[in-house]
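User: I would like to go through this model and ask what stands behind each term.

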Amino acid sequence: MAHRVTLIPGDGIGPELAEASRRVLDASGIEFDWEVVDAGEAVMASYGTPLPEHVLESIVRNKVALKGPITTPVGEGFRSVNVMLRQALGLYANLRPARSMPGLDTRYQDVDLVIVRENTEDLYAGIEHRVGRDAAESIKIITREASERIARFAFDYAVANGRHKVTAVHKANIMKLSDGLFLESCRTIAADYEGRIEFEDRIVDNMCMQLVQKPDLYDVLVLPNLYGDIVSDLAAGLVGGLGVAPGANIGTDAAVFEPVHGSAPKYAGLNKANPTALILSGALMLRHLGHPDAAERVEASVRAVIAEGRSTTQDLGGPAGTSQFADAIVERLASTPAGAGARAS
Ligand code: NAD
């Protein structure tokens, strides 16, 4: 039976990436029944909100969505649709794998990190106010419940995916109460996995330096929301940039798959943007839907086309447009047999 999936094309480069990804996923051998709904700037005028109720209802009904990036006005205007979605649907875990790919010009060739970012609280709770004319306060919320939940997600992910170590990242030397609680919660959960998954912690600034110098020392990282956002861009940079960095937002009742990158408005409509991150987010979705073989075939095809280098977009040094890149992946998929695992390619 076809999987009914909500597809939110998004703003900027989103629609062309969504079209490319949909074609690749349709060629994966798994059947999809796409329910296309719009959110973001384009629907503001007609619905008075960038996230209309029927979009949320569609995801609640289908339990799975593939989403392109959505523009967020800076400093004013509506709140981030991405943050609203995560909070409204309780998508508490943001999973961002960062893995080197042959053919990309990067400083390291053997990076294989998984960033697990808490997605619902921290400074993203959006509790801010002005104090008079010349000051403003943002409130950082860290709870034991959310911290233990994300730590458990990270350890369970490590167990299920053959990983060996979880590193908790924090700034508990300065924010002794909030980050201290995050670290304490990670330690509590780590005790349940003792002997199976190694545990350690790092202060976030040191973590950044270590990742730039010795990324091979790390495996799964678990972080509060803001550090997770920043460190996952850093990790994306280690493996070829935002154009190739996929992501998943996972909750108890729903999951939304989206790239790490934003809507890159300067490339919108030019058939220039790299579809890899959204396609690989689609592969994460295939795995979530219980199709690891199809996910691996998609990943293997993407990696093969990138390694070849003839049909990639400009950001990867290639001559192709978004749609030609997708064509090459679709073609490659047709000749990639079941069992051609991405981890082996
Ligand atoms: P961005 O990720 O959109 O772009 C940064 C730069 O990265 C681009 O200028 C481009 O050079 C490169 N880039 C990003 N994606 C690419 C791709 N697929 N192919 C080729 N190059 C790519 O970040 P930004 O400029 O900070 O943000 C633009 C808008 O996107 C903002 O409104 C921001 O709020 C929003 N945003 C949305 C999401 C999301 O929807 N989850 C995430 C991040 C940013």
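Analyst: A cavity is a set of points, on a 1 Å grid over the protein atoms alone, where a 1.4 Å probe fits but cannot get out; lining residues have an atom within 4 Å of a point. By that rule, Glu118, Glu121, Asp122, Ile142, Ser147, Phe182, Pro224 and Asn225 line the largest cavity. This is a predicted model, where local features need pLDDT of at least 70 and side-chain atom pairs pLDDT 80 or more, while totals for chains, interfaces and linings use all residues. Residues are numbered from 1 along each chain as its sequence is written, and side-chain values use heavy atoms, with hydrogens and water left out.

User: How many cavities of 30 Å³ or more are there, and what is the volume of the largest cavity?

Analyst: The count is one. The volume of the largest cavity is about 30 Å³, where a volume is the space filled by probe spheres set on grid points joined across faces, edges and corners. Its lining has three nonpolar, two polar and three charged residues. Here Ala, Val, Leu, Ile, Met, Phe, Trp, Tyr, Cys and Pro count as nonpolar, Asp, Glu, Lys and Arg as charged, and the others, Gly among them, as polar.

User: What makes a space a pocket, and what is the volume of the largest pocket?

Analyst: A pocket is an open set with protein on both sides within 12 Å along at least five of seven lines. The largest pocket has about 790 Å³. Its lining counts 29 residues, with Pro97, Tyr157, Asn161, Leu284 and Arg287 nearest the centre. Among the elements that give two or more residues to this lining are strand S4 (93-99), helix H5 (144-160) and helix H9 (276-288). By class, the lining splits into 18 nonpolar, two polar and nine charged residues.

User: Which element gives the most to the lining of the second largest pocket?

Analyst: H4 does, with three residues. That pocket holds about 450 Å³ and has 22 lining residues, including Thr72, Ser80 and Arg86. Helices (H or I, at least four residues) and strands (E, at least two) are DSSP runs numbered from the N terminus, and the chain has 11 helices and 12 strands.

User: How does the radius of gyration of the chain compare with that of a compact globule?

Analyst: The radius is taken over C-alpha atoms, and the globule rule is 2.2 Å times the number of residues to the power 0.38. For 345 residues a compact globule would be near 20 Å, and the chain has 20 Å, so the two agree. The C-alpha trace spans about 55 × 50 × 40 Å along its principal axes.
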